[in-house]
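Have the structure open as you read.

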Amino acid sequence: MDVGIKRVSPGSLAQALEEGPFTAIQIRCVALAVAAVVLDGFDIQLLGVAIPGLMREWGVGRAAFVPVLSLGVVAMSLGTWLSGWMGDRLGRRPSLILAMLLFGGGTLAAAFTHAMGPFLAARLIASLGLGGAMPNAVALLVEYSPRRHRSMAVTGGMICTPLGGVLAGLVAAQLLPTHGWASLFMVGGVAPLVLTAVLWLWLPESAQVLAGKGQRRELARLAQALNAPVSVLEAAPATVRSSYVDLLREGRAMTTLLVWLQFLGVLTAAYTAFNWLPTLLAKAGFALSTSSTALAVFNFGGIAGALLGGVVMTRDGSRRVTIAFALGAVISSMAVALALVQGAGAGVVLATLTAAGFFIAGLQPMLFAIASQFYPDRMRASGVGAALGIGRLGVLISSLLGATLIGSGALVYFGFIAGLMAVVAFALLAMTNHVAPVERKG
């Protein structure tokens with residue numbers, strides 16, 4: 001049947017997406033966006049687990065990979081900004097597909113390199129794609145989730161980044177001893193390319209983007225899939241072209257700056273832990289097994305925190321729960337410092353690190369829910385992309401300051417993390433545009 005002769009009411013379709021049941025097509029779109037996030041987290045962790053094997057095979061020191069790591073962060077930030085802009089201008093679907101193609105192709109190409117120069121080039125291409133996947137995946141999670149499930153969908157989707165990292169570690173444990181580092185990059189490259197084909201075949205464009213472009217035929221098909229009312233109406237409104245400057249206009253400036261501060265503080269704190277925590281614990285005299293376990297419990301604590309936080313945010317809104325998490329991060333960070341200074345055993349240190357991960361890594365996905373729901377449809381991907389791009393500067397900050405912080409001792413190291421989270425708590429307290437609680441019916 002030619003559905004192009006009909007016109008879908010943007011209001012009726014929006015109501016079906018916002019208030020209707022979680023339909024099969026919505027579940028499919030959310031699942032595909034989550035799969036992209038998982039593979040994004042998988043590929044981000046590949047270099048870290050592959051460096052020891054690369055050092056042995058190429059006969060180079062760890063310092064040789066500093067340009068790969070630092071320039072990769074810059075490329076990821078650039079990819080985040082560009083893809084957010086593209087998502088609002090061209091659409092979420094093509095922007096996410098391009099990002100998957102870039103980081104899948106770049107990662108696969110890295111598997112066939114034999115020198116640092118080509119390897120660096122391949123990783124920079126991959127990093128552009130890795131940075132570009134998240135803004136549009138988040139936008140799709142928001143725009144295809146019913147409003148009552150939206151905060152949980154975003155926070156649940158974002159915890160798939162560390163889950164992807166856990167998966168990378170498990171795959172590496174199986175492949176590295178027998179097949180070498182190249183096999184890891186082959187898996188990390190082929191999987192996103194397969195998902196790219198799946199996205200091309202089965203991922204529809206966001207309804208908001210379709211309405212903005214006036215693509216009535218696609219809107220009508222989507223309305224039929226959602227069992228939404230279809231009627232003959234005037235043309236859908238034309239897309240309003242927005243730029244990153246618009247994030248600071250029309251009364252959005254203060255909230256935008258506070259969101260950027262929140263992302264910068266949380267990601268700097270988190271990556272200070274991710275990048276340097278095992279080294280700090282080893283310096284404090286703990287066994288390597290304890291140092292490795294520390295990152296695992298920090299991540300698993302973050303997963304538990306994000307899940308609980310998403311449930312509470314859906315019920316009560318974001319203000320109280322996010323402020324509580326930020327303050328909990330301050331207290332738990334100082335608890336870890338106190339445990340280390342007093343020479344506590346491994347069990348106590350790991351317990352306090354689990355609590356710190358619960359609050360620090362658990363808060364990060366909730367910030368995505370806040371940012372993605374604050375900005376209007378026409379600038380949602382740009383808004384998330386800008387916040388994440390600013391936040392990823394924290395990776396560079398942690399890389400530059402980590403060695404100095406470790407040399408100054410546990411109290412200074414965790415005091416730095418606690419100070420960052422105190423700033424985040426202030427930014428959350430000062431923000432007035434929090435996510436509102438979902439209204440209960442009946």
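In this predicted model, helix α2 (residues 24-58) and helix α8 (residues 181-202) cross at roughly 165 degrees, and their axes come within 8 Å. Anything over 145 degrees counts as roughly antiparallel, so that's the label for α2 and α8.

**Around α8**
- The crossing of α2 over α8 is left-handed.
- Sorting the α2–α8 contact by residue class gives 21 nonpolar residues, two polar and three charged.

**α11 against α16**
- α11 (253-283) packs on helix α16 (residues 393-407) at an angle of about 35 degrees, with the axes 8 Å apart.
- This crossing is right-handed.
- From α11, the contact residues are Leu 264, Thr 268, Tyr 271, Thr 272, Asn 275, Trp 276, Thr 279, Leu 280 and Lys 283.
- α16 brings in Leu 393, Gly 394, Val 395, Ile 397, Ser 398, Ser 399, Gly 402, Ala 403, Leu 405 and Ile 406.
- By class, the α11–α16 contact comes out at 10 nonpolar, eight polar and one charged residue.

**The buried side of α17**
- Helix α17 (residues 410-430) has 21 residues and spans 30 Å from first C-alpha to last, close to the 30 Å expected at 1.5 Å a residue.
- Its buried residues include Tyr 413, Phe 414, Ile 417, Leu 420, Met 421, Val 424 and Leu 428.
- Alanines are on the buried list too, among them Ala 410, Ala 418, Ala 425 and Ala 427.
- As a rule, an α-helix has 3.6 residues a turn, so residues three or four places apart point the same way.
- What do the buried residues of α17 pack against? Their partners are α11, α13 (319-341), α14 (346-374) and α16.

**A loop residue to check**
- Glu 250 sits in the loop between α10 (216-225) and α11.
- Its phi is near 55 degrees, a positive value in a residue other than glycine.
- Is Glu 250 buried or exposed? Glu 250 counts as exposed, because its relative accessibility is 62% and the cut-off for exposed is over 50%.

Methods. Residues numbered from 1 in each chain as written. Predicted model: local features only at pLDDT ≥ 70, side-chain atom pairs only at ≥ 80, totals over all residues. Heavy atoms only, no water. Helix = DSSP H or I, 4+ residues; strand = E, 2+ residues; numbered from the N terminus. Buried < 20%, exposed > 50% of the residue type's maximum accessible area, 1.4 Å probe, protein only. Axes fitted to C-alpha atoms, helices over the stretch in contact; angles between N-to-C directions. Left-handed = near helix turned anticlockwise from the far one by under 90°. Contact = heavy atoms within 4.5 Å. Nonpolar A, V, L, I, M, F, W, Y, C, P; charged D, E, K, R; others polar. Parallel < 35°, antiparallel > 145°, perpendicular 65-115°, else oblique. Expected span 1.5 Å × (residues − 1).
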